[in-house]
Amino acid sequence: MRDLLGADQNGRRRFVALGDSFTEGVGDWNPLLPNGVRGWADRVAEKLAKAQPGWEYANLAVRSKRLRQIIDEQLEAALAMEPSLVTLYAGGNDLLDFGTDMDALMDDYELLVARLAGTGATLVLFTGFDVKVSAVLEPFKKRNTLYNERVRQLAASYDAVLVDYWCFDAFHDRRMWAADRLHMSKAGHKYLAAQVLDHLGVPHKFTPKDWEPPARISLREWERRQRRWVNDWVLPLFGRKLRGVTLGDSLSPRWPEPVKVPRKGGLKKLMQQRQDGPH
């Protein structure tokens with residue numbers, strides 16, 4: 001069986017995460033952590049450190065980034081860190097852009113995968129989920145299917161670990177999603193962290209939520225929720241697209257340099273230590 005978490009040639013265990021809001025942690029809000037979020041990647045880093053002390057972690061992901069931006073802004077920084085473990089989800093925002101050339105997008109994606117696989121690090125790739133948000137987004141479903149097919153092919157070609165997010169039935173429950181219906185909730189991020197850890201063979205105690213079946217709601221309540229969602233999330237999203245701005249424009253990566261993750265207390269403890277300063 002392949003050792004997915006061995007140290008690099010210098011004895012380092014270093015996890016570097018690349019991508020967009022999916023990996024930044026949007027939807028799993030935590031004001032104590034950088035950019036106000038936690039997310040599945042932080043949780044994976046903490047469990048790695050608990051299982052094998054000495055793990056370092058960097059997260060270069062920033063919400064709203066397109067694939068070319070991830071290549072231009074994150075790739076060289078990631079390579080310079082000489083990771084032993086890399087996770088990549090990229091291209092989801094491109095799928096929702098009008099006029100995206102899927103052949104060109106996936107060629108760029110393969111370029112990124114090839115460069116990361118060339119480091120010798122364990123590489124983890126993700127398919128995208130078919131989010132049942134609205135009939136408005138149904139035309140993009142074909143793109144998502146093409147994207148997932150290519151990701152599966154490239155994972156096999158480059159000997160990457162594939163986390164086939166598309167197949168996770170748990171995410172059909174709306175409680176796994178944040179209020180915007182496009183990003184995972186805290187429960188969704190915890191579930192995904194468990195899946196990544198399971199694929200890597202790392203012990204953890206994350207367990208799926210044992211929820212009661214969703215309560216039935218009236219047509220009036222459903223319409224009220226739809227209007228609120230459109231006003232709070234859909235209209236602002238299209239407004240940003242028209243203005244050519246994104247939520248990530250003013251943000252920096254949450255963990256831009258590798259940090260040693262405390263075995264006890266995790267990244268919250270690290271932030272507390274930073275705030276306290278040297279004694």
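How many bridges join S3 to S4, and do these strands run parallel or antiparallel? The model, which is predicted, shows 4 bridges between S3 and S4, and the two strands run parallel. Within this pair, leucine 85 is placed opposite threonine 122 of S4.

An open sheet is formed by 6 strands, whose order is S5-S4-S3-S1-S2-S6, and its pairing is mixed. At the edges stand strand S5 (161-163) and strand S6 (255-260), each of which pairs on one side only. From one strand to the next, the twist averages 15 degrees.

On one side of S3 (residues 85-89) lies strand S1 (residues 14-19); these two strands run parallel and are joined by 5 bridges. Here alanine 17 faces threonine 87 of S3. Strand S4 (122-126) is linked in turn to S5 by 3 bridges, again with the two strands running parallel. Phenylalanine 126 stands opposite valine 163 of S5.

H3 packs on it and touches S1 and S3, with a direction that makes about 175 degrees with that of S1. H6, for its part, lies across S3, S4 and S5, and runs at about 165 degrees to S4.

The helices also pack on one another. In general, two packed helices are described by the angle between their axes and by the distance between those axes. For helix H3 (residues 67-80) and helix H5 (residues 102-117), the angle is about 5 degrees and the axes are 11 Å apart. Angles under 35 degrees count as roughly parallel, and H3 and H5 are therefore roughly parallel to each other. On the H3 side, the contact involves Leu67, Arg68, Ile70, Ile71, Leu75, Glu76 and Leu79, while H5 contributes Leu105, Asp108, Tyr109, Leu111, Leu112, Arg115 and Leu116. These residues comprise 10 nonpolar and 4 charged ones, with no polar residue.

H5 has a further packing partner in helix H6 (residues 141-157): the two axes come within 11 Å and cross at roughly 30 degrees. H5 and H6 are therefore also described as roughly parallel to each other, and their crossing is right-handed. In this contact, Met102, Met106, Asp107, Tyr109 and Glu110 of H5 meet Arg143, Leu146, Tyr147, Arg150, Val151 and Leu154 of H6. The residues of the contact divide into 7 nonpolar and 4 charged, and none is polar.

Is histidine 189 buried or exposed? This residue, placed in helix H7 (residues 186-200), has a relative accessible area of 0% and is therefore buried. Apart from neighbours within four places in sequence, histidine 189 is in contact with Phe22, Gly25, Val26, Gly27, Asp28, Gly39, Trp40, Arg43 and Met184.

Methods: Residues numbered from 1 in each chain as written. Predicted model: local features only at pLDDT ≥ 70, side-chain atom pairs only at ≥ 80, totals over all residues. Heavy atoms only, no water. Axes fitted to C-alpha atoms, helices over the stretch in contact; angles between N-to-C directions. Parallel < 35°, antiparallel > 145°, perpendicular 65-115°, else oblique. Contact = heavy atoms within 4.5 Å. Nonpolar A, V, L, I, M, F, W, Y, C, P; charged D, E, K, R; others polar. Left-handed = near helix turned anticlockwise from the far one by under 90°. Pairing = 2+ DSSP bridges. Buried < 20%, exposed > 50% of the residue type's maximum accessible area, 1.4 Å probe, protein only.
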